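Here is a friendly tour of one model, written for someone who likes to know the cut-offs. Please have a look at the structure first.

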Amino acid sequence: MELLVASAIGVMTAGGIYLVLRLRTFPVILGISLLTYAVNVFLFSSGRLTIGAPPVLSDDVTTYTDPLPQALVLTAIVISFGMTAVAVMIGLGAFLGSDDDHIDDQPEPRETEGQP
Amino acid sequence: MTHWIVAPIILPALLAPLIVLAARYHIGIQRVFSVAGVVALIGLAAGLAWQVSDGSVIYYRLGDWAAPFGIVVVGDRLSTLMILLTSVLALFVLLYAIGSGWDDRGRHFHALFQFQLMGILGAFLTGDLFNLFVFFEVLLIASYGLMIHAGGDARLRAGIQYVLFNLIGSTLFLFALGAIYAETGTLNMADLAERVQLIAPEETVGIRVAAVLLLLVFAIKAALVPLHFWLPSSYAEAPAPVAAFFAIMTKVGAYAIIRVYTMIFPPDLEVTSGLHDVWLLPAALVSLAIGMVGVLAARKLDRLVAFSVIGSMGMVIIAISLFSPAGIAAALYYIVHSTFAGAVLFLVSDLVRTGRGNVDLTTQAPMIGAVLTAGMFFAGAIAMAGLPPLSGFLGKLLVLEAAFESDLMVWIWVIVLSSSLISILGFARAGSIVFWKAHGVGPSEEPVADIESPATLSYVAVGGLFTLLTLHTVFAGQVHGYTTSIATQLFAPDAYISTVLDTPGKLSKPQDGH
């Protein structure tokens, strides 16, 4: 279980970082989505992996799973979802406006007349 | 427990939706609400700062849940100073935005501005790392909207760069929080300060990783080299009042570094030893050098100002990374100074844009309102480059004085002094090209369409910021005395910790039936 979760986080993070480094809007947004999946699973497991245990207190249960990471993950999911939507909209606007989906600054054309 | 401490977060949070819902099509009403809200915020912030100036710590428990379980909002000298600085800056930026008409060039400027204020003030006041993340996101998502306010292709392209860089930063922040929670089981800052001390030296791998990740996140916010690449384009392309207000955003990163690395990971803690002097200080020195070289190399006035912001953040982080009371006091003095100076320069570069249609560093015919604008640029450049008589010079002296204790003192002195020279050259070059040489060029034959005389209110706003810079210089002794008392409080966090943790509140008790 630990191995499965850890390797899933690792693979998603690696894929996310690779895509982010492509420096074109679409792969970068996909990469960031992968990274947020990875971080959500990571946050979820930060309260230790407990299988089949409830997060709320009750009398007939002795083992619990930590409820706080679940609350944190919920917040993180909502925020990252909204942020990705904003990024898609701005990216789309930038692409349609300048017909170019590079993230990095393109080199400015040097003026040949020379600076005063 | 005082309720006032949560008001600086609640007020803009309520005002922003009100502006969207009730005054969407009425720019006049929006302006009135927005200015009134910011003036009220200044009053609140001043009251809170006065209340904690005796060294006490005020706090507010949301829902009255006791500290490590519930959410707390905490105000001490440092956070109230920062909220006062933010709200004063906000007022003048808002006046400029109204005077220059920037707020009317797109929709929802005032609502986004209030949300941004809420995020920044919340980040300064929260006593909980996860809420720091949440408020970072609030201020970021508002800043995305403000950054692309009024649209335009270049602005959108810079905007997507800014958004994606910050999204990666947020992801890193979550990784750091997860690691911290896995190691300590808490995210409350005061509780963390106690628990991190208890971790055995041989089990510190996780918390070390978390501390470094957290520092990376704050370094992205503070635009520290090599994580500064988002700043020049986005600040240069953002609308001028927004860029001027963003001058406080880099300081949020600096504040977070000060708060977390004095309280949770103090310099004498074995876990993070070496983080400050081995990594943070050299990065800050390189930031200062790169920022000021960028000032010399810039081909547009707004990029020049953006690079000077990177340089001044380098100076702030140099002072912080000394992690001595003298260093933190100098850093706080410099933070106040560089916030106002950066804002002034961004606004002045917009005055240039208004007066002649562009901000290229090329010789063109004299602009409209050249005399006043040139004078303001001159004074702003003196402040930013750190020449006497303005507060930049005093701030720099304080940093240099605090650096005496450092092992890298020679490096600090050499880089601070030589980068000052470079920045003076850069500003002198820009000023002479834009203002001075313009007199050698006759008025252009073809009339330029979109130039006009800057509004009086714009000048009033910039002049107001100058007045603050002057006051910051004249009362330097008192201000530095106060920042020294802030630093003393920061290095004795026991009062903060015991106030937050030991006051009884409502605790959750297991109830029957569910």
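The notes below cover confidence, a chain contact and a helix pair.

## Model and confidence

This is a predicted model, in which local features need pLDDT of at least 70, side-chain atom pairs count only at pLDDT 80 or more, and totals for chains, interfaces and linings use all residues. Residues are numbered from 1 along each chain as its sequence is written, with chains lettered from A and ligands numbered from 1 in the order in which they are written.

The predictor assigns the complex an ipTM of 0.91 and a pTM of 0.93. Chain B has an average pLDDT of 89 (the predictor's confidence in each residue, from 0 to 100). Residues 508-514 of chain B stay under 50. Where pLDDT is low, the predicted coordinates should not be read in detail.

## Where the chains touch

The contact takes 30 residues from chain B and 32 residues from chain A, counting residues whose C-beta atoms, placed from the backbone, lie within 7 Å. Helix 6 of chain B gives the largest share of the chain B side, 17 residues. Helices here are DSSP runs (H or I, at least four residues), numbered from the N terminus.

## A helix pair in chain B

Helix 14 (residues 325-356) and helix 18 (residues 456-474) of chain B pack at about 155°, their axes 10 Å apart; axes are lines fitted to C-alpha atoms over the stretch in contact, and angles run from 0 to 180 degrees between N-to-C directions. That makes helix 14 of chain B roughly antiparallel to helix 18 of chain B (angles over 145 degrees). Among the residues in this contact are F340(B) and L347(B) of helix 14 and L465(B) and F466(B) of helix 18.

How values were computed:
Helices (H or I, at least four residues) and strands (E, at least two) are DSSP runs, numbered from the N terminus. Angles under 35 degrees count as roughly parallel, over 145 as roughly antiparallel, 65 to 115 as roughly perpendicular and the rest as oblique. Two residues are in contact if their C-beta atoms, placed from the backbone, lie within 7 Å.
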